[in-house]
Amino acid sequence: MRYAKVAVDLNAPLLDRPFTYTVPDGMLLQAGDMVRVSFGKRQIEGYVLDVSDECGVESDKLKPVLSRIGEQSVILPEMLRLASFMKDKYLCTTTDALRLMMPPQMRAGTVKEKTLRVVRLVLTVDEARQKCKNAPAQLKVVEALGGGELSLEELNRTVGGASALCNALAKKGVAQVYAKSVRRAPKVYESDRSSVDPPLTEQQKDVVDSLTQAIGSGGRFLLYGVTGSGKTEVYIRLIRELLGRGRGTIILVPEIALTPQTVGWFHARFGCLSAVLHSRLSAGERYDEWQRIRSGEAKVVIGARSAVFAPLENPGAIIIDEEHEGAYLSEKRPRYDAREIAAERVRLSGGILLLGSATPSISSFMRTMPRVRPENKLTLLEMDRRALDRPMPECELVDMRSELSNGNKGIFSLSLIRELKSCMDKNQQAMLFINRRGHSTFVNCRACGYVIKCRDCDVAMTYHQSSDSLVCHYCGAVAQTPAQCPKCHSRFIKFFGAGTERIQLEAQKLFPDKTVLRMDMDTTGGKDAHADILEAFGKGKADILVGTQMIAKGLDFPNVTLVGVVAADTTLNLPDYRSAERTFQLITQVAGRAGRADIPGKVIIQTYSPDHYALKCALRQDYRAFYNAEISYRKRSLYPPYTTIARLLMVSQDAEAAFAAAKNASEQLREALTQNGLMQHVLSVHEGPAPIKRIKGEERYEVLVKMYTAGDTKGVIAEMEKIENKDRGTVKAELEVNPANMF
Ligand code: ADP
Ligand code: ZN
Ligand code: ZN
């Protein structure tokens with residue numbers, strides 16, 4: 001008798017253990033298969049974790065596996081090991097982890113292979129013409145088909161009523177209509193880059209050499225390469241080396257919609273050996289791409305965060321581009337970090353982990369330092385020059401305070417205007433970056449100082465000129481722009497703070513004959529809107545592109561010679577310990593968009609705090625100087641990576657209930673931590689209102705716990721999870737470790 005250990009697909013932590021079933025004679029079953037089993041009175045799905053001759057439990061009560069689902073096992077054995085790593089690391093259930101490893105439609109069984117109704121002639125074209133000579137409409141179909149085949153859908157576009165005509169032709173024995181299964185292929189951005197490998201630069205060669213030496217033995221690397229140094233080419237060569245040895249690679253990019261070019265580049269080089277996986281694909285597309293990877297047909301997987309779970313067998317490398325991006329942290333449970341998952345996957349497969357960035361995260365760069373524990377160590381690889389010895393862009397910092405005292409009240413400094421003019425005169429392109437959308441970021445009364453806030457959130461509303469209304473950027477609520485102050489009825493309502501809309505209008509005013517495009521959340525609602533805007537700008541259909549951080553990501557437009565950072569202070573003034581890091585990253589990334597081809601680039605950074613170290617370092621594009629300043633600030637102020645911050649947020653319609661919940665939780669936590677001796681690892685436990693006290697009509701209170709990263713953080717977090725999972729009626733609790741944002 002053979003026995004199967006099965007994890008049942010239920011959302012219940014208490015049932016998170018393997019259940020034993022017998023394997024009926026003749027059923028071929030292996031670990032990773034999806035099965036149906038009876039559970040209590042129900043029949044449910046489950047995943048086979050293990051099959052063996054040993055039963056291990058009392059065997060006369062066992063039930064048999066009812067059936068096996070699908071022809072191929074769904075989960076690779078190595079992924080089962082990954083699931084148990086996740087269970088341990090993120091305190092999630094085995095099924096929570098396994099669910100991330102397959103397309104959701106697979107569990108629901110709702111996606112089938114796609115088939116098309118296709119027509120073709122069964123006679124030669126001449127014979128068919130002969131048979132239809134008295135039926136002109138049928139003749140049209142015959143001509144349209146010729147010697148090939150067409151789907152009914154296509155045919156209908158040229159010949160009306162094709163479906164009925166084809167049936168008639170089929171009856172006559174002239175044509176045949178049949179179902180053909182097809183793959184749903186995702187749209188890829190057309191690449192203007194060549195599909196042949198260029199010779200590598202010296203620096204690229206050195207990096208590729210170090211990486212290829214690690215093939216076989218494995219290794220973890222951080223590639224710090226300035227913008228334009230040609231990191232993509234390094235990735236491509238590593239992938240080629242691996243393909244030559246029969247191994248595939250996963251490449252993660254922060255957000256596919258924002259990096260369609262990158263996907264295009266890989267597609268141009270690897271053709272149908274490559275597959276893409278991301279959430280903007282249709283269910284069918286995702287399913288088909290998944291199958292292509294699972295079957296081994298596609299060996300180069302490009303995707304967003306969740307593609308780290310792609311069913312690629314024994315990956316030779318996992319590459320994480322722009323590793324500093326927050327997008328690699330999952331905001332849903334299990335709250336995994338794709339970088340950690342990738343590290344574990346390559347550890348299991350003996351592969352290479354390659355993190356790449358022009359602005360590595362402080363925590364990753366710290367791991368390249370001497371004296372880091374071996375299990376955390378990253379080997380630093382560096383490219384400090386742009387490919388083909390193109391110069392780094394020339395940067396200028398403009399102090400907006402002196403602009404004001406010189407009588408310029410506009411949002412563009414004189415320097416920026418001068419550079420824009422010269423750029424436009426030469427028919428080159430410019431990008432203007434501001435990290436806020438809308439027209440004006442707040443509206444207030446000059447008489448009494450009243451700031452118009454959202455009805456449901458504790459935030460100022462943003463004025464949008466396109467809809468002439470006030471919009472809350474946290475909940476989306478829309479209100480009319482008041483003609484007078486709601487509080488003192490004065491008519492002196494003023495609009496302050498510029499956003500993308502305003503920048504676009506002002507730029508258009510300056511250059512009435514030029515085309516100004518805008519890219520932000522308001523202009524990118526549709527499925528392919530991002531790609532369309534970028535494609536238009538890339539093809540020179542616009543002269544200026546205004547945008548939020550969306551335009552900062554790995555884009556490469558050769559004709560862009562000027563980048564303007566309109567208000568560098570926006571991110572700098574956020575109440576978050578990472579605000580300097582984010583500012584440095586954003587500015588370096590956008591600045592990196594300038595002058596990527598033969599024409600040198602220029603960058604103008606406007607600010608009210610020109611002495612801030614993040615800006616000074618960004619000005620010189622000096623990552624190391626920034627790292628040194630930032631790491632000593634983190635150490636001094638006890639911020640991550642030296643410490644770990646865990647936040648338990650209590651959310652409720654009722655302010656008192658939320659506050660009481662936070663207070664209770666913090667008392668319970670202190671007690672629990674004291675009892676099991678974990679308090680020594682904790683620096684502080686603090687409860688109070690969240691920085692934004694109300695969002696969408698819900699009151700927010702938090703318990704903030706700060707602890708030394710070197711201590712038993714897992715133990716402390718486990719205690720917080722226990723408290724999070726308690727039932728407290730209408731109050732919702734949300735636990736986040738090193739929260740993506742602190743509001
Ligand atoms: P990064 O991602 O490091 O910012 P990219 O990979 O986008 O840089 O490369 C920057 C530019 O340099 C691109 O236009 C790319 O085609 C070009 N490039 C990179 N490597 C080479 C090379 N070895 N020879 C010629 N051009 C290169
Ligand atoms: Zn007023
Ligand atoms: Zn709101």
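Predicted model: local features only at pLDDT ≥ 70, side-chain atom pairs only at ≥ 80, totals over all residues.
## What surrounds ligand 1

The shell counts 19 residues, and the closest are P199, G228, K231, T232 and D556. Which helix gives the most to this shell? That is helix α9, which spans residues 231-244 and supplies three residues.

Now zoom in on single atoms. T232 has a polar side-chain atom 2.7 Å from an oxygen atom of ligand 1. The backbone takes part in the picture too: a polar backbone atom of G230 is 3.1 Å from an oxygen atom of ligand 1, and for a polar backbone atom of S229 the distance to an oxygen atom of the ligand is 3.4 Å.

How much of the area of ligand 1 does the protein bury? Taken alone, ligand 1 exposes 560 Å², and the protein buries 85% of that.

## The zinc site

Ligand 2 is a zinc ion, and its protein donors are the SG atoms of C445, C448, C485 and C488. These donors lie 2.3 to 2.4 Å from the zinc ion. What is the geometry of the site? The site is tetrahedral, with angles of 107 to 112° among the four donor atoms.

If you follow the chain, you will find the donors of the zinc ion in the spacing C-x2-C-x36-C-x2-C. Within this set, C445 and C488 link distant parts of the chain, as they are 43 residues apart. C445 sits in strand β18 (residues 440-445), while C488 sits in the loop between β21 (478-480) and β22 (493-498).

C488 has a relative accessible area of 33%, so it counts as partly exposed.

## A closer look at R269

Our last stop is R269, which you can find in helix α10 (residues 260-270). R269 counts as buried because its relative accessible area is 13%, and the cut-off for buried is under 20%. Which side chain does the side chain of R269 contact? The partner is the side chain of D197, in a polar contact of 2.7 Å.

Notes: Residues numbered from 1 in each chain as written. Chains lettered and ligands numbered in written order. Heavy atoms only, no water. Donors = N, O, S within 2.8 Å, 3.2 Å for Na, K, Ca; no water. Tetrahedral: all angles 85-135°; square planar, octahedral: opposite > 155°, others 65-115°. Helix = DSSP H or I, 4+ residues; strand = E, 2+ residues; numbered from the N terminus. Buried < 20%, exposed > 50% of the residue type's maximum accessible area, 1.4 Å probe, protein only. Near = heavy atom within 4 Å. Polar contact = N/O pair within 3.5 Å; in protein donor to acceptor, adjacent residues only side chain to side chain. Areas by Shrake-Rupley, 256 points an atom, 1.4 Å probe, with all protein chains shown as cover.
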